[in-house]
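Subject: Structure handover

Hi there,

Here is the structure I promised to pass on to you. Have it open beside you while you read, and my notes follow below.

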Amino acid sequence: AAALPQPLFTPDVQDYGGDDVLADVVSTMETPYARVLRQEFNAIVVEHHLKWTPLLAPTIDAHGGPSSDLVPDCKLGSYDFTQADKVVDWGIKNGLKVKGHVLVWHVTSPIHLLEKLSPEQVREEVKRHIFTVMGHFRGRIHVWDVVNEALTPGGTLAENFFYKTLGPSYIEDCFRWAHQADPSAKLIYNDNKVEGIGSAKAKGFYNLLKDLKAKDIPVHGCGMQAHWNAAGVAQNLVPTPRQVKEQIRRLGELGLTVNLSEMDVRVSQLSDPEFRSIAQTQIYHDLVAAAISEPACDGVWLWGFTDRHTWVTHFYYDDEPLIHDEQYSRKPSYFGFREALVTLTPHGSIGADIPLDKDVGEDGKPWGHPWRKDEVGSSDGIMLIPDEEDGGVKKEDRPDWELDAKAAPSSNGRSHAPPDRVDSEVIDDDADSVDDEHQGPIEFKAPTTEIS
């Protein structure tokens, strides 16, 4: 699961009710956040504090992270690993594996500093950054997301700062440099809305990785973010288990491992509150079951684990996207997720007797009925335009996260102008909480699959 330093080491006000005396007492104890994270998971990923700009910034908001224009005092080549070190060392001390996220992502890179440099200087700074960060954590972090979200919704390479400055080969160079920095590390390419076969972006994701492998670039695995919106349509439509299974299978045939890298499930935008808990539990169960039924799948990473600390409420709107509620109690989606891990059989069924390789059950109802809306034409308020080359649909040529944020409706009147995006998605607010106070910890593990 993705971890944040503030709740990991500092009690929330909810933990002591604002009482100063009680605050002094709980400050010496393990936080509820740390307890659940330690008991329930076998690996962590640093949610925000390993990204480039946060590593340069002396102060960081543990709930989100500053945009580059809020840290004008940072300096290229000057690093502060304090927060990242604390989380990584805590994980190792508690027997948890640690994944590094992320070395190169245009959204959280110090573009305001890099854009002042020549292309060759930018190239050297990117290389230096990769060597510095991987060198600092060598021996502690063995798996890295190297490049993040380099594709447009249409599946082509996004013309971000690195593309415009260094050309399309910047992705290849980043992986080569990462391999040079730590030849023993597992290197991953990570992207969003690529989880289900059939979309233009999922095809572009596959083609990018196929091309990298054909060029013998040292890429060893790929991450599919799995930031799902149960109310999404068109580009944001939640894929079926079959689509997830087939996407993982063809990526595995390239010689890659595949992980669901940032899973959360937002549900607050479903028009009927009755379906929110149902949809969230079904997604956590069925899509995880489909993923880990494929031999190439080597893990499932949640982007947080408690609704008290989720990037969704800071970036989109109020929602409950994770498997523990704000009091750290287990939600129905927790048990759906757990059941997917402990009861899976290779040729099993999902939901209402729908085989993993089918989209429709024997009763004629499609997977996700009745909450899933399989519509084309609009997506979270953004009109789609035909992709003439692929025959599919695509949004305008900007990153998915930016488009989603601009279109996201607010349930509380807050503005959703994106800060430095942190990565994750969402869940339900009507799910019946299941108290875990008297239940032993459940370790999310499958025989050959790492669940984080």
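One definition to start with: a residue is called buried under 20% relative accessible area, exposed over 50%, and partly exposed in between, using a 1.4 Å probe and protein chains only. This is a predicted model, where local features need pLDDT of at least 70 and side-chain atom pairs count only at pLDDT 80 or more, while totals for chains, interfaces and linings use all residues. Residues are numbered from 1 along each chain as its sequence is written, and side-chain values use heavy atoms, with hydrogens and water left out.

D216 has a phi near 60 degrees, which is a positive value in a residue other than glycine. D216 is exposed, at 67% relative accessible area, and lies in the loop between α10 (200-214) and β6 (221-224). (Helices are DSSP runs of H or I with at least four residues, strands are runs of E with at least two, and both are numbered from the N terminus.) A226 is not a glycine either, yet its phi is positive at about 65 degrees. A226 sits in the loop between β6 and β7 (227-229), and it counts as buried because its relative accessibility is 0%.

There are cis peptide bonds to look at as well. One runs from H101 to V102, with omega near 0 degrees, and V102 belongs to strand β3 (residues 97-104). Another joins H369 and P370, with omega about 5 degrees; P370 is in the loop between β11 (354-355) and β12 (378-379). These spots are worth a glance because most residues other than glycine have a negative phi, and most peptide bonds are trans.

Salt bridges

Here a salt bridge is a side-chain nitrogen of Lys or Arg within 4 Å of a carboxyl oxygen of Asp or Glu. By this rule the count is 20 salt bridges. One of them pairs E294 with K245, whose closest N and O atoms are 2.8 Å apart. That pair ties together distant parts of the chain, 49 residues apart: E294 is in the loop between α12 (276-292) and β9 (297-302), and K245 is in helix α11 (residues 241-252). Are E294 and K245 buried or exposed? Both are buried.

R38 and E30 form another salt bridge, with closest N and O atoms 2.8 Å apart. R38 is partly exposed at 31% relative accessibility, and E30 is partly exposed at 41%. In the bridge between K215 and D211, the closest N and O atoms are 3.3 Å apart. K215 has a relative accessible area of 42% and D211 has 34%, so K215 and D211 are both partly exposed. Through shared partners, salt bridges join R123, E172, D173, R176, D211 and K215 into one network.

Helix α3

In helix α3 (residues 32-40), the buried residues are Y33, A34, V36, L37 and E40. Their cover includes β1 (2-3), α1 (5-9), β2 (43-46), α5 (82-93) and α14 (332-342), where contact means heavy atoms within 4.5 Å.

Best wishes
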